[in-house]
Structures are given as structure tokens and as C-alpha cells.
Amino acid sequence: MSELALPAAAQPRDGRAQPSRLGRWGWPAFGLALFLAIWEAVPALGLLPATLLPPPSILPATWWQEVVDGHWLAAVQSSLSHYLMGLAIGTTGGVALGVAMALSPRLDASLSWVVRVLRPVPGLAWIPFAILWFGVNPASAVFIIVIGVFWINLFTAYAAVRAVEPELFELADAFGYRGRLAKLTPVILPAAAPGILAGVRTGLGQAWMAVVAAELFGVEGLGQRMMQASALLATEIVVVMMLTIAALYGIIDMLFVALRDRLLRWQG
Amino acid sequence: MSAVVRIERLALRFPGASGPVLAGLDLEVAPGEFVAILGASGVGKSTLLRAVAGLIAPSADRLPVAMVFQDARLLAWRDAAANVRFGLERLAMPAAQAQQRVDDSLALVGLTDFAARLPRQLSGGQRQRVAIARALAVRPEVLLMDEPFGALDAITREAMQGELTRIRQQTGKTILFVTHDIEEALVLADRVVLLAGQPAGIALERRVKLPLAHRREHPELLALAAEFRAVLGTREAA
């Protein structure tokens, strides 16, 4: 049987062909341009009024006006502070409880029904209690965000620790790390880190969804500004705020991925 | 000379098993002695080693031992030096002393230049040498080795057997070595103990007196191998 020699560049390394430069940059740029062109054309051709679908061409000026008026920076600062605070508390709490439940069968069994009952309750359903407990202020927004990221971190941390190979526990035992606490820092957390960090990353996106929901009821931030603008049919401001959230998420996700890749560089 | 490992009438049964794995096993290992435990898969060799290590049925007087597993079991996120340091971190040793131990252990297995490599950057043989260095670094009284070369290819395996002989000559360590390979046991050990039966007991025990350097293909060694093979075959058939 004769062999087919493929040029090195065309040889798939993971079963898929390597994309060319056009495939990597050209097609995504084309897709984005086409999307913007259709978006611009729909209100321009009168298919929809500009108040229902503001064209992208007016967004830079709208954004600049929001910056000059001071609304944009104030909203970003408020939302970021809610986001970071809620993310920190929800992530830390979720990971800590997930790890503890994975390591303690007693705690796991004790909380199994509590988790089953509370897990399906959406974050938004807590808004009435958030207002009653904390009032319409940043604390209630932070509370909603905490709920939004807590569960995803709890479940991923739990699964990540449960997936640590039993051989590593035996190794730790063989070298005198007796007991689960003794193994936590040297073995369990580093071994579970890829899974835990995947949960944290999912939480980064979940938290932005919670930010908007938490601010819609009046706490200062991007969500509140979107509500104000939509009430005045200033939909171009709504779109600017939406794109701001997307940009902030993109930046934070990019920074997190860089940090994660640094922490997990041992994976190659 | 008093034994460094003394097992008296050891009986072990796994929860839910119909019968014991080991029943009434006696074994003594003298200081500096290299004893190979030989037997078919599943006979209880590794169980015996884990009992000595205190990983199952922990004994009241836990020996200062260190273990080398079949899979090197290196911590993937630590480089070779940090893996060797793993057992020392628990001992609350001054950092300089621990570093000296790490350096000495890596030098002993010939991996000084690989100290900063991650496990994924090492070959199978190198990973197993790091595992040996990690065990030696804690200065155990007894080195327990559970089929440490079982996952290596034939060429690397023979090279590692030579390495272990050299390390043993340099350190004089007492070694309890589990293998299912008759030749490997006879090439390396001072004494070879064959476990067989259910529950397992000592079916044959022989001392190998040939010089370590001239054992391979030696007629006396081949005769011993044939004897072990015959007993193993008879017991397995039974």
C-alpha cells in the first residue's frame, strides 16, 4: 500500500485541519462586517424604526455623550464594584463549601437536601428578599450576584475534588500526609485546580448576568442606566450599556484566562 | 542482627471478600537486605507492601519507610526537584537542609540537570528515577518498591535495574521489592520470596548468592528461575 505524504502545514495534529490565516482572521472579520451591515441597513431601509433598533453608526457618539455627562463612568464604577464584591464572596464561598462537601461524606450527606432545594431557585427569585433584607442599595445587588455565582462554583469545585485520582491520596498517605486537611494544600487543591478554575471562569459570565438583574430594581449601575434609558426610549443608550458589559466581560475573561494559563502552565 | 522488617502471622481480608488475601504470613528482612516478593497478579504482593507501609491495617509501630509505586505518581504541577521535596516538606526541616537532600537525591539518580523539568517533560524512566529520588530523600529505613519498572519498556527496564543496583550499592538501603518478573527478582535481590495460593503464603524462598554484576544469563540464575517457574506453574494449576 502506498503512503500519502501530507505537507507539514496541512497535517492535522488533533484530527482537524489547521486553519489558514484567512480562516483565522478573514472569515471572522467578514462575518462581523456582514452583521454590522445588516444591523445598519434594517433601520436605514425603514424595516424597523431606529428607536426599536438603533443603528450601530450612532453608538460611538452616544457613548461619548454618556462619558461626557458622567453617566457612563459612574455606572461602570458602581457595577464593577458590585461585580467584584459579589464574585469574590460567591466564588470563595462556593469553592470552599464544594471542597468541604467533597472531602467530608458527613457534610455531603447533611447538605444534600439543602442543596437540592436551594439550587433550582433562580437568582432573580431572591430579589424580594434582597430588598427586604438589605434595602435598595449595593448590598442587595452584591447578594444577588453572590447567589448567581455560588452554585456553579460549589458544583464544579465538588466535582473537581471528587475527580482527584485516589492514587494521589495514597501517595500523600505514603509520605506521611495523613488526614484530608494535611493533603489539602500539597495535593488536593493543585490537582483539582483545573476543574475549580473552569467553574470560576463560568462564574465570571454568570456574575455579569446577575449584575444587570440586580441593578434593574434601582441600585446604581449599568442595569439601572439601561432601565432609565429604555423608559425614555433611548435605546441607543441601552445598546451602549449592553456593549459596555460585553467589553468588560471580555477584558475580565481575557485577564482571567491569562492568569489561569499561568497557574496551569504545568499542563502544557 | 535484628530484623528491620518483621511480619508475624499477618492476615488480611478485604471488606466483603469471601476469604483472606493473606493468612498467617511470616517474613523478616535484615538491615541492608534486598528482598524481592514474587508472585502472580492479584496474589497479594502489593497488599503485603501496603501493610508494611501502614497504608492498610496500620501497625502500632510504623516503620520509617518510603514507597515507590508502579506508576511514578509524580505531582504533575511540580518540577522534578519539587517532587523530590514533597516528602521533606512534612518534616519541618530547615530549607537549606531540605535543598541539600533534594540535590543529593537527584544526583544519586543522575538527574541533577533535570531538576527544573516538569513530569510531562521527562521520559518514563526519568519519571521513575525522580520517584526513587523522592523516596530516598526522606532517608527511609526501608525502601518499598511496588513493581516500579512494570510500566517501562524492556530496554529502559533493564537500564533501571542496573541503576537500582548501583543506588543500592551506594546507599546500602534495605529494600522490599515487589515484582511478577522472575528474572528481575533474581537479578536484583539477595533473597526471593514467592507468594502463591489463596490465601497467599510463601510457596518458595531462595537466597541468591551470585555477584550482582554477573547474574544475567548465569546458569545458576537460570536454574533458580526454572525452579520458581515450576513452583509457580504448579500452584497456579492447583
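## Reading a predicted two-chain model

Guide: In this predicted model, chain A contains ten helices and zero strands.

Visitor: How should I read the radius of gyration of chain A beside that of a compact globule?

Guide: One sets the value for the chain beside the value for a compact globule with that number of residues; for 268 residues the globule would have a radius of gyration near 18 Å, whereas chain A has 24 Å. Its C-alpha atoms, taken along the principal axes, fill a box of roughly 75 × 70 × 30 Å, and 29% of the 268 residues in chain A are buried.

Visitor: And what does chain B hold in the way of helices and strands?

Guide: Chain B has seven helices and eight strands. Its radius of gyration is 18 Å, close to the 18 Å that the globule rule gives for 238 residues, so chain B is as compact as a globular protein of that length. The C-alpha trace of chain B spans about 55 × 40 × 35 Å along its principal axes, and buried residues account for 42% of its 238 residues.

Visitor: Which residues of the largest nonpolar core touch the most other members?

Guide: The largest nonpolar core has 123 residues, and those touching the most other members are A:Ile145, B:Ile37, B:Leu144, B:Leu176, B:Phe177 and B:Ala189. Helix α6 (residues 138-162) of chain A gives the largest share of this core, 16 residues. Domain 1 and domain 2 of chain B both give residues to this core, so it lies between them.

Visitor: Taking B:Ile37 as an example, which residues does it touch beyond those up to four places away in sequence?

Guide: B:Ile37 touches B:Lys45, B:Leu48, B:Leu176, B:Phe177, B:Val178, B:Val193 and B:Leu195.

Visitor: How many residues of each chain are in contact across the pair?

Guide: The size of an interface is often given as the accessible area lost when the parts come together. Here we have a count of residues instead: 13 residues of chain A are in contact with 14 residues of chain B. On the side of chain A that touches chain B, α7 and α8 of chain A are the elements that give two or more residues, and α7(A) gives the most, with five residues. That side of chain A has eight nonpolar, two polar and three charged residues.

Visitor: Which residues of α7(A) are buried, and what do they pack against?

Guide: In α7 of chain A, residues 166-174, the buried ones are A:Leu171, A:Ala172, A:Asp173 and A:Ala174. The buried residues of this helix pack against α8 (180-215) of chain A, together with α1 (45-53) and β4 (65-68) of chain B. After α7(A) comes A:Gly176, whose phi is positive, near 90 degrees.

Visitor: Which residues have a positive phi although they are not glycine, and are they buried or exposed?

Guide: A:Leu233 has a positive phi of about 60 degrees and sits in the loop between α9 (222-231) and α10 (235-263) of chain A. With a cut-off of 12 or fewer other C-beta atoms within 10 Å for an exposed residue, A:Leu233 is exposed because it has 12. B:Arg73, in turn, has a positive phi of about 55 degrees and is found in the loop between β4 and α2 (80-89) of chain B. B:Arg73 is buried, with 21 other C-beta atoms within 10 Å, where 20 or more are needed.

Visitor: Where is the cis peptide bond?

Guide: The peptide bond from B:Gln198 to B:Pro199 is cis, with omega near 0 degrees, and B:Pro199 lies in the loop between β7 (191-196) and β8 (201-207) of chain B.

Terms used
Residues are numbered from 1 along each chain as its sequence is written. Chains are lettered from A and ligands numbered from 1 in the order in which they are written. This is a predicted model: local features need pLDDT of at least 70, side-chain atom pairs count only at pLDDT 80 or more; totals for chains, interfaces and linings use all residues. Helices (H or I, at least four residues) and strands (E, at least two) are DSSP runs, numbered from the N terminus. Two residues are in contact if their C-beta atoms, placed from the backbone, lie within 7 Å. The radius of gyration is taken over C-alpha atoms; the globule rule is 2.2 Å times the number of residues to the power 0.38. A nonpolar core is a set of buried Ala, Val, Leu, Ile, Met, Phe, Trp, Tyr and Cys residues joined through C-beta atoms within 7 Å. Domain bounds come from an automatic or database domain assignment. Ala, Val, Leu, Ile, Met, Phe, Trp, Tyr, Cys and Pro count as nonpolar, Asp, Glu, Lys and Arg as charged, and the others, Gly among them, as polar.
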